Amino acid sequence: MIPTKNQFSEVNEWDEPEEEVYRAISKEEMIALQQSNATKYPALSPWKIVLVQIAVTAVSMVVWSIFGEPVGVSLYTQSAFLGGLISVLPTALFLTRLELAKKSQRLNPGRFLAALVSGEFIKIASTLMLFIGIALFVPGVLWVPLLVTYVFALKCVWLAWLWR
């Protein structure tokens with residue numbers, strides 16, 4: 001006879017369920033699992049994002065050259081170019097830093113994390129230096145085209161979610 005609980009039996013809601021049992025998988029099973037996921041979810045090259053940032057910068061330059069006050073290559077177009085440059089150049093430096101870390105002879109999680117943090121520092125520092133340099137040394141820069149192009153090029157990373 002199977003015991004059943006009725007409305008009078010004590011049930012403690014705070015009781016934890018039985019512990020789940022995890023099975024350790026072998027190296028061959030892990031490789032097979034990685035290969036099956038690799039076909040479903042191919043790796044996305046971060047350099048594609050840089051190419052899309054360059055394309056967005058070019059499109060923005062064309063749009064600003066059409067709708068700018070003097071049609072053609074003008075200060076609007078140059079400012080849009082500078083905005084795209086501020087987005088593309090630090091991203092390329094960051095990816096170069098990560099590529100160099102991947103090619104290191106002794107790659108371990110600690111070294112890769114250090115490369116990630118130092119790459120991010122390089123990206124932030126170069127972005128700040130480019131903004132300050134443009135503000136100080138480029139006379140008559142138009143900030144609206146520069147910032148709009150910068151934001152559009154910066155948000156190209158969000159498109160990576162659509163590519164998966």
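Tutor: In the protein chain, residues 24 or more positions apart account for 70% of the contacts with a separation of 6 or more, where contact means heavy atoms within 4.5 Å. The model is predicted, so local features need pLDDT of at least 70 and side-chain atom pairs count only at pLDDT 80 or more, while totals for chains, interfaces and linings use all residues. Residues are numbered from 1 along each chain as its sequence is written, and side-chain values use heavy atoms, with hydrogens and water left out.

The protein chain has 6 helices and 0 strands, and its pattern along the sequence is α-α-α-α-α-α. Helices (H or I, at least four residues) and strands (E, at least two) are DSSP runs, numbered from the N terminus. Of the 164 residues, 24% count as buried; that term means under 20% relative accessible area, with exposed over 50% and partly exposed in between (1.4 Å probe, protein chains only).

Now the core. A nonpolar core is a set of buried Ala, Val, Leu, Ile, Met, Phe, Trp, Tyr and Cys residues joined through side-chain atoms within 4.5 Å. The largest one has 7 residues, namely Leu82, Ile86, Leu130, Ile134, Val141, Leu146 and Tyr150. Helix H3 (75–102), helix H4 (109–137) and helix H5 (143–154) are the elements that each give two or more residues to this core. Leaving aside residues up to four places away in sequence, Leu146 touches Leu82, Ile86, Ile134 and Val141, together with Ser79, Ala80, Gly83 and Phe131.

Apart from this core lies another, of 5 residues, among them Val50, Val88, Leu95 and Leu98. Val88 has its place in helix H3 and is buried, with a relative accessible area of 14%. Not counting residues up to four places away in sequence, Val88 touches Val50, Gln53, Ile54 and Thr57. Thr57 is 31 residues from Val88 along the chain, and their C-alpha atoms are separated by 8.9 Å.

Next come the pairs of helices. Two packed helices are described by the angle between their axes and the distance between the axes. Axes are lines fitted to C-alpha atoms, for helices over the stretch in contact, and angles run from 0 to 180 degrees between N-to-C directions.

The axes of H2 and H3 come within 8 Å and cross at roughly 175°. H2 and H3 are therefore roughly antiparallel to each other; angles over 145 degrees count as such, those under 35 as roughly parallel, 65 to 115 as roughly perpendicular and the rest as oblique. Val50, Gln53, Ile54 and Thr57 are among the H2 residues that make the contact, and Val88 and Leu95 are among those of H3. By class, the contact of H2 with H3 has 12 nonpolar, 9 polar and 1 charged. Here Ala, Val, Leu, Ile, Met, Phe, Trp, Tyr, Cys and Pro count as nonpolar, Asp, Glu, Lys and Arg as charged, and the others, Gly among them, as polar.

For helix H2 (residues 46–67) and H5, the axes come within 9 Å and cross at roughly 150°, so H2 and H5 are roughly antiparallel to each other. H2 passes H5 in a right-handed crossing, that is, with the near helix turned clockwise from the far one by less than a right angle, whereas anticlockwise is left-handed. On the H2 side the contact is made by Gln53, Val56, Thr57, Ser60 and Trp64, and on the H5 side the residues include Val148, Thr149 and Phe152. The residues of the contact of H2 with H5 divide into 8 nonpolar, 4 polar and no charged. Ser60, in helix H2, is buried, with a relative accessible area of 8%. Setting aside residues up to four places away in sequence, Ser60 touches Ala80 and Thr149.

The axes of H3 and H4 come within 9 Å and cross at roughly 160°. H3 and H4 are therefore roughly antiparallel to each other, and H3 passes H4 in a right-handed crossing. The contact of H3 with H4 has 16 nonpolar, 5 polar and 4 charged residues. Ser126 has its place in helix H4 and is buried, with a relative accessible area of 9%. Not counting residues up to four places away in sequence, Ser126 touches Pro90 and Leu93. The C-alpha atoms of Ser126 and Leu89 are separated by 8.2 Å, although the two are 37 residues apart along the chain.
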